[in-house]
Amino acid sequence: MKICETNEAQLFGRILEEPVYSHSTYDEQFFQMRFGVPRLSGHMDILPTIISASLLSAVPKGEAPFGLRGQLRSYNQAEKSINHLHIRFFAQDLQDELDSLCPRRQNFVFLEGFLCKPPVYRVTPFGREITDMLLAVNRSFKKSDYIPVIAWGKNARFAKNLQVGQKMRIEGRFQSREYEKCLPGGEKITRTAYEVSASSVSIVI
C-alpha cells in the first residue's frame, strides 16, 4: 500500500462503537466509526473514521488498541440547504507495530498543500495566540481535500501573515475539540470541531 506523499496520517487507539455501513465503491463496502486516540494529558480525541470491510476484517478482535495508517479526507454535506465541510480519517492499512511504540507517532499527521483562505489570527482571553488556516491538499483524480489547521504560539505568529496560494508543509496531530456556538435566538449549543493541531509549520519553496 502506497500512501500519498502529501497526505499521511497515523493513529493508534481503539474503536469506540460498532462500525456502521457508510457507502460502497467498486463493490467494496466502507464503514464509519469513532476511533478513540488518547493524548498524553489523559484526554481522548474521538475521531470520525472511514474503514473498508476488508481492512475491518483484519483489525484485532476485542478492545485492545491498534494502529491505522491513512489520510485525512474532506467531504461536503448539505444540511438545511447549507454545505458543511466534514473531516474524516480514511484508513488504508494497519499501522506498523514499531511505529505504535513512539508516542509522537500514535497521532501523527503530515500534510503538504496550499493555503486557500486568509489565515485568521486571534488571542484568547488567557493570552494564547492562535491562527486558523484552511489547507487544500491535492489527491488523485484531480480532487482536493480541504483540511482545517490550527497553529499556536510562535507557529501562529509565523502563519498569520501568509498569503493565499502559499504552498505549505504541516506536521501535527488530528484532534477533536468541543466549542459553544451561539444561535441567532441566543441559545448556545455544543459542537465538535475536527482539525489538525500543528506542531510544525513551514513554507515549501
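**Figure 1. Accessible surface and overall dimensions of the protein chain in the predicted model.** The accessible surface of the protein chain amounts to about 12000 Å², and carbon and sulfur atoms contribute 52% of that area. Of the 205 residues in the chain, 39% are buried. The C-alpha trace extends over about 45 × 45 × 40 Å when it is laid along its principal axes. In secondary structure, the protein chain contains 3 helices and 12 strands. Among the contacts with a separation of 6 or more, 58% are between residues 24 or more positions apart.

**Figure 2. Strand β9 and its burial within the structure.** Strand β9 runs over residues 129-139, and because 8 of its 11 residues are buried, the strand is largely enclosed by the rest of the structure. Burial here refers to a relative accessible area under 20%. Strand β7, made up of residues 107-115, pairs with β9 in the antiparallel sense, and this pairing rests on 2 bridges. Within the pairing of these strands, L115 is placed opposite L135 of β9. L135 also stands opposite I147, a residue of β10.

**Figure 3. The hairpin of β8 and β9.** Strand β8, which covers residues 120-123, is paired with β9 in the antiparallel sense through 4 bridges, and R122 is found opposite I130 of β9. The two strands form a hairpin in which 5 residues lie between them, and G127, located in the turn, has a positive phi of about 85°.

**Figure 4. The hairpin of β9 and β10.** Strand β10 consists of residues 143-152 and pairs with β9 in the antiparallel sense over 10 bridges. In this hairpin 3 residues separate the strands, and F141 adopts a positive phi near 60°. The view includes L135, which has I147 of β10 opposite it.

**Figure 5. The salt bridge of R34 and E17.** Of the salt bridges in the model, which number 9 when the whole structure is searched, this view shows the one that R34 forms with E17, where the closest N and O atoms are 3.3 Å apart. Because R34 is located in strand β3 (residues 28-38) and E17 in the loop between β1 (7-15) and β2 (20-25), the pair ties together parts that are 17 residues apart in sequence. Both side chains belong to partly exposed residues: R34 has a relative accessibility of 39%, and E17 has a relative accessible area of 33%.

**Figure 6. The salt bridge of E112 and R169.** The side chains of E112 and R169 come together in a salt bridge with an N to O distance of 2.8 Å. Since E112 lies in strand β7 and R169 in strand β11 (residues 167-182), the pair ties together parts that are 57 residues apart in sequence. E112 counts as buried at 15% relative accessibility, whereas R169, at 32%, counts as partly exposed.

**Figure 7. The salt bridge of R177 and E195.** R177 and E195 meet through their side chains in a salt bridge of 2.7 Å, taken from N to O. R177 is part of strand β11 and E195 is part of strand β12 (residues 188-203), so this pair ties together parts that are 18 residues apart in sequence. The relative accessibility of R177 is 27%, which places the residue in the partly exposed class, while E195 is buried, with a relative accessible area of 5%.

**Figure 8. A network of salt bridges.** The residues shown in this view are R39, D45 and R173, which salt bridges link into a network.

How values were computed:
Residues are numbered from 1 along each chain as its sequence is written. This is a predicted model: local features need pLDDT of at least 70, side-chain atom pairs count only at pLDDT 80 or more; totals for chains, interfaces and linings use all residues. Side-chain values use heavy atoms; hydrogens and water are left out. Buried means under 20% relative accessible area, exposed over 50%, partly exposed in between (1.4 Å probe, protein chains only). Two strands pair if DSSP finds at least two bridges between them. Contact means heavy atoms within 4.5 Å. Accessible areas come from the Shrake-Rupley method with a 1.4 Å probe; for residues, only the protein chains shown count as cover. A salt bridge is a side-chain nitrogen of Lys or Arg within 4 Å of a carboxyl oxygen of Asp or Glu.
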